[in-house]
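Subject: Structure for you to look through, with notes

Hello,

Please find the structure below, followed by my notes on what was found in it.

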Amino acid sequence: MAKTPSPSSRRAARETALRILYMMEVGKTPRDIAQQETVAANKLEEEAAEFSCLLVDGTLSHQDDADAAIAQHSTHYPLNQQTIVDRNILRIATTEILFGLSGAPDGVVANEAVELAKKYSTPEAAKFINGVIGGLIRSRESDDTVTEE
């Protein structure tokens, strides 16, 4: 099993995953080519490259579930009205939280999503993403509380 990447490597891996998903959606670039080119261009260490690929694969394979969860917590701003960058940041974070792709605490995943939005989108998008992911986390916590009773 691969070594867990450092927090800074995880951030680079999340950025790389976002770039890959963007290339696939906007440029219609096949996944394998987008992954190879982006991982090489970002000079990721092996563990970070593997984590990036895990995020991309997980996001793509669970996209319907992620989109449903995002739609539930983004009622005033439907998926088809979100920018490609914002939508993919939300998909990555939602998939990471719902399916435990990284084992990182939900708050860390939310913070990383906000940081990606600040870097690649707008301050308003960062607030929006924080609200959607925060709603998802609160919903999961409340579901866990009900389940435990």
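At what angle do α4 and α5 pack, and how far apart are their axes? Before the answer, please keep in mind that this is a predicted model. The angle between α4 and α5 is about 100°, and their axes are 9 Å apart. Angles of 65 to 115 degrees count as roughly perpendicular, and α4 and α5 are therefore described as roughly perpendicular to each other. On the α4 side the residues that meet the partner helix are Gln63, Asp65, Ala66, Asp67, Ala69 and Ile70, and in α5 they are Leu90, Arg91, Thr94, Thr95, Leu98 and Phe99.

**The two sides of α4**

Helix α4 covers residues 63-73, and its buried residues are Ala66, Asp67, Ala69 and Ile70.

**Threonine 94, on the α5 side**

Threonine 94 is a residue of helix α5, and when you select this threonine you will find that its contacts, leaving out residues up to four places away in sequence, are Ala66, Ala69, Ile70, Ile133 and Leu136. Why is threonine 94 called buried? Buried means under 20% relative accessible area, and threonine 94 has a relative accessible area of 1%, so it counts as buried.

**The nonpolar core**

The largest nonpolar core has 38 residues, and those with the most contacts inside it are Ile89, Leu90, Ile129 and Ile133. At least two residues of this core are supplied by each of α1 (7-26), α2 (31-42), α3, α4, α5 (84-99), α6 (106-120) and α7 (123-148). The largest share, seven residues, comes from α7.

**How α2 meets α3**

The axes of α2 and α3 come within 11 Å and cross at roughly 150°. Angles over 145 degrees count as roughly antiparallel, so α2 is roughly antiparallel to α3. The crossing in which α2 passes α3 is right-handed. Arg31, Gln35 and Val39 of α2 make the contact with Ala49, Cys53, Val56, Asp57 and Leu60 of α3.

Apart from its neighbours within four places in sequence, alanine 49 is in contact with Val39 and Leu44. How many residues apart in sequence are alanine 49 and alanine 17, and what is the distance between them in space? They are 32 residues apart in sequence, and 9.2 Å apart in space from C-alpha to C-alpha.

Alanine 17 is in helix α1 and is buried, with a relative accessible area of 0%. Leaving aside residues up to four places away in sequence, alanine 17 touches Ser52, Leu55, Val56 and Ile92. Threonine 16 also lies in helix α1, and at 0% relative accessibility this threonine counts as buried. With residues up to four places away in sequence not counted, threonine 16 touches Thr38, Val39, Asn42, Leu44 and Ser52.

**Two lysines in loops**

Lysine 43, in the loop between α2 and α3, has a positive phi of about 50° although it is not a glycine. Exposed means over 50% relative accessible area, and lysine 43, at 74% relative accessibility, therefore counts as exposed.

With best wishes

Key. Residues are numbered from 1 along each chain as its sequence is written. This is a predicted model: local features need pLDDT of at least 70, side-chain atom pairs count only at pLDDT 80 or more; totals for chains, interfaces and linings use all residues. Side-chain values use heavy atoms; hydrogens and water are left out. Buried means under 20% relative accessible area, exposed over 50%, partly exposed in between (1.4 Å probe, protein chains only). Helices (H or I, at least four residues) and strands (E, at least two) are DSSP runs, numbered from the N terminus. Contact means heavy atoms within 4.5 Å. A nonpolar core is a set of buried Ala, Val, Leu, Ile, Met, Phe, Trp, Tyr and Cys residues joined through side-chain atoms within 4.5 Å. Axes are lines fitted to C-alpha atoms, for helices over the stretch in contact, and angles run from 0 to 180 degrees between N-to-C directions. Angles under 35 degrees count as roughly parallel, over 145 as roughly antiparallel, 65 to 115 as roughly perpendicular and the rest as oblique. A crossing is left-handed if the near helix is turned anticlockwise from the far one by less than a right angle, and right-handed if clockwise.
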